[in-house]
Amino acid sequence: MLSTQCSIFQQVSEIQVSYRNEVPAYQRPKIICSDDAYRILLQHWDEDQLDYCEKFKMVLLNRANLVLGIVTVSSGGVSGTVADPKMIFGAAMKANSSSILLAHYVEQVVM
């Protein structure tokens with residue numbers, strides 16, 4: 001019985017983490033204030049879909065607050081989207097980021 005249990009535990013999937021950064025460090029934008037984050041995120045948001053569907057994005061940063069990348073974590077419908085923490089932390093770990101910024105666009109209705 002014990003040998004059967006040991007052979008089951010030996011059959012575990014191997015996880016391989018990889019990340020390729022093709023942007024040199026001197027070309028990466030730096031986020032110093034919230035306005036910098038807003039401008040960078042706005043460049044990577046499809047303006048034609050801002051009022052059409054909700055999106056949840058993440059900015060990955062290194063220790064110097066240089067942008068390593070922007071990830072679309074979730075794209076939903078008209079009334080909502082789901083951001084899975086496993087996706088968020090998995091992408092942050094894969095990119096070896098030191099900090100993350102999370103962004104969610106919600107349409108504002110003016111009455």
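I looked up the second largest pocket, which holds about 150 Å³ of space. I took a pocket as an open set of points on a 1 Å grid over the protein atoms alone, where a 1.4 Å probe fits, with protein on both sides within 12 Å along at least five of seven lines; lining residues have an atom within 4 Å of a point. This is a predicted model, where local features need pLDDT of at least 70 and side-chain atom pairs count only at pLDDT 80 or more, while totals for linings use all residues. Residues are numbered from 1 along each chain, and side-chain values use heavy atoms, without hydrogens and water.

I listed the lining of the second largest pocket, which includes Arg28, Pro29, Ile40 and His44. Strand 2 gives the most to this lining, with 4 residues. I sorted the lining into 6 nonpolar, 4 polar and 1 charged.

I then turned to the largest pocket, with about 220 Å³ of space. Its lining has 11 residues, and Tyr38, Leu41, Trp45, Ala103 and Tyr105 lie nearest the centre. Helix 2 and strand 3 (99-104) each give two or more residues to the lining of the largest pocket. That lining divides into 10 nonpolar, 1 polar and no charged.

Last, I checked Asp36, which sits in helix 2 (residues 34-43). Asp36 is buried, at 14% relative accessible area (buried means under 20%, with a 1.4 Å probe and protein chains only). I found Asp36 in contact (heavy atoms within 4.5 Å) with Lys30 and Ile31, leaving aside neighbours within four places in sequence.

Technical notes: Buried means under 20% relative accessible area, exposed over 50%, partly exposed in between (1.4 Å probe, protein chains only). Grid points are joined across faces, edges and corners, and a volume is the space filled by probe spheres set on the points. Ala, Val, Leu, Ile, Met, Phe, Trp, Tyr, Cys and Pro count as nonpolar, Asp, Glu, Lys and Arg as charged, and the others, Gly among them, as polar.
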